[in-house]
Amino acid sequence: MSGPPPPVSPPPQPTAPSPDPGALRALAAQVGGHPGVLATADGALVVKPCLPRERAFYALLARGDPRAARLRPFAPLFYGTLRLEGRVPDAGAGALAALGGVAAVAAAADAEQGLVPAPEDANKDECSGTRSIVLENVASAFATPNILDIKLGTVLYDDAAGPEKKARMLEAARKTTSLATGVRLTGFQVYDPAAGAPAITPKSYGKALTAGDLPAGVRRFFPRAPDDDGAPAGPGLPRALLLPVLAGVLADVRAVRAALAATELRMVGASLLVVYEADCARARAALESAAAVREREDTGNGEMDLDAEGEEDEEEEGEDEDDLESDEEEEECPLYAVKLIDFAHTRLAPGEGPDEGVLKGLDTTIRLLEGRIKEVESP
């Protein structure tokens with residue numbers, strides 16, 4: 001295993017407007033995890049109740065700690081923590097009426113010496129309390145997001161679990177695909193144009209799958225629509241769009257695996273979040289934008305065209321300005337995203353090597369994506 005990356009200066013913290021507690025609402029596109037996750041009115045930020053260990057790990061990533069620096073590009077942007085003053089009832093209509101106020105809390109204070117602390121109550125299964133983390137909502141950049149939560153790892157309990165919980169979690173891993181494959185399809189949503197809404201596949205589906213059923217589950221999340229110019233009548237993207245999505249997701253999962261293989265930690269209950277654009281027109285625009293960016297990058301290192309007087313041509317200068325404007329538009333039109341989420345039971349593990357159970361799950365995911373690509377490539 002390669003050594004740790006060289007020390008880096010703490011990256012600048014992203015800034016975001018402080019969420020208005022009166023404007024928070026239940027997260028509409030939650031396909032996994034515990035209930036009670038909230039979102040701002042514009043959907044750009046997620047407010048998630050959490051344990052101290054998760055707060056500390058996000059803070060550690062945000063300040064560029066070299067022990068976990070390789071993972072930072074694959075985690076949602078972290079904006080800090082909030083303390084919700086007052087009781088937050090279960091998500092639903094009027095769920096936030098009991099909130100009395102929000103106080104910002106500095107994120108860096110949670111990490112102290114950079115070592116991830118144990119939860120305040122290590123035997124609690126649920127994230128509770130009034131402290132929450134504020135994260136980017138990865139799905140908010142998409143017009144019509146298809147979203148998949150893949151639970152990673154063969155071990156479903158952390159080092160603080162008692163004998164009873166260990167036995168219960170071992171049995172849960174055996175009964176699902178977690179122990180044999182290192183993954184469980186926690187839940188997903190796929191947009192259905194006919195219904196005008198996403199079709200939700202619940203946790204019960206993933207728990208009922210066997211290892212041999214996993215390709216069918218991946219096929220269900222990445223459906224292929226007919227290869228014609230019209231808008232699909234059912235869920236899915238045509239092959240010309242679905243293949244680039246699958247190839248991009250596969251490349252990112254391989255990069256996540258490489259990062260985790262070089263990081264000494266233990267992850268229990270963490271997930272791989274996969275999002276891709278389900279709207280054909282938007283997906284096509286994202287694909288064309290990405291191609292245009294690559295073309296400019298390939299030609300951007302060449303010499304500038306100069307006019308007879310040795311000055312940059314005004315037309316070229318104008319095109320550069322147009323390129324900058326188009327770059328801004330392209331940032332708002334992603335084709336897919338892959339992120340690691342849910343660090344409530346993640347800890348650094350110096351000297352213990354990478355988490356082999358999580359790596360096993362990523363290897364399974366890579367094989368599943370490779371298999372789906374072969375299926376889509378077939379006539």
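## Sheet, covering helix and enclosed cavity

In strand S11, Ser-271 is the bridge partner of Lys-151. The model described here is a predicted one, and this pair belongs to the contact between S7 and S11, two strands that run antiparallel and are joined by 7 bridges.

**The five-stranded sheet**

S7 and S11 take part in an open sheet of 5 strands, which follow one another in the order S9-S8-S7-S11-S12 with antiparallel pairing. Strand S9 (197–201) and strand S12 (336–341) stand at the edges and have a single partner strand each, so one side of each is left without a neighbour in the sheet. From one strand to the next, the twist averages 15 degrees. Strands of a sheet pair through backbone hydrogen bonds, in either a parallel or an antiparallel sense. The table sets out pairings for which a bridge partner can be named, including one that involves strand S3 (residues 45–49) and strand S6 (residues 131–136).

| Strand pair | Bridges and sense | Example of partners |
|---|---|---|
| S7 and S8 | 6 bridges, antiparallel | Asp-149 with Gly-187 |
| S7 and S11 | 7 bridges, antiparallel | Lys-151 with Ser-271 |
| S11 and S12 | 6 bridges, antiparallel | Leu-273 with Lys-339 |

**Burial of the strands**

Because 7 of the 7 residues of S11 are buried, this strand is largely enclosed by the rest of the structure. The cover extends to both faces of S11, with Ser-271, Leu-273, Val-275 and Glu-277 buried on one side and Leu-272, Val-274 and Tyr-276 buried on the other. Strand S6 is mostly covered, with 5 of its 6 residues buried.

Helix H9 lies across S7, S8 and strand S11 (271–277), and runs at about 140 degrees to S7. What lines the largest cavity? The lining is made up of Leu-148, Ile-150, Val-183, Leu-185, Val-218, Phe-222, Val-249, Val-274, Thr-365, Leu-368 and Leu-369. At least two of the lining residues come from each of strand S7 (145–152), strand S8 (183–192) and helix H9 (356–377), and H9 gives the most, with 3 residues. Val-274, one of the lining residues, is also among the buried residues of S11.

Rolling a probe the size of a water molecule over the atoms shows where empty space is left. The count comes to 1 cavity of 30 Å³ or more, and about 90 Å³ of space lies in the largest cavity.

How values were computed. Residues are numbered from 1 along each chain as its sequence is written. This is a predicted model: local features need pLDDT of at least 70, side-chain atom pairs count only at pLDDT 80 or more; totals for chains, interfaces and linings use all residues. Side-chain values use heavy atoms; hydrogens and water are left out. Buried means under 20% relative accessible area, exposed over 50%, partly exposed in between (1.4 Å probe, protein chains only). Helices (H or I, at least four residues) and strands (E, at least two) are DSSP runs, numbered from the N terminus. Two strands pair if DSSP finds at least two bridges between them. On a 1 Å grid over the protein atoms alone, a cavity is a set of points where a 1.4 Å probe fits but cannot get out, and a pocket is an open set with protein on both sides within 12 Å along at least five of seven lines; lining residues have an atom within 4 Å of a point. Grid points are joined across faces, edges and corners, and a volume is the space filled by probe spheres set on the points. Axes are lines fitted to C-alpha atoms, for helices over the stretch in contact, and angles run from 0 to 180 degrees between N-to-C directions. Contact means heavy atoms within 4.5 Å.
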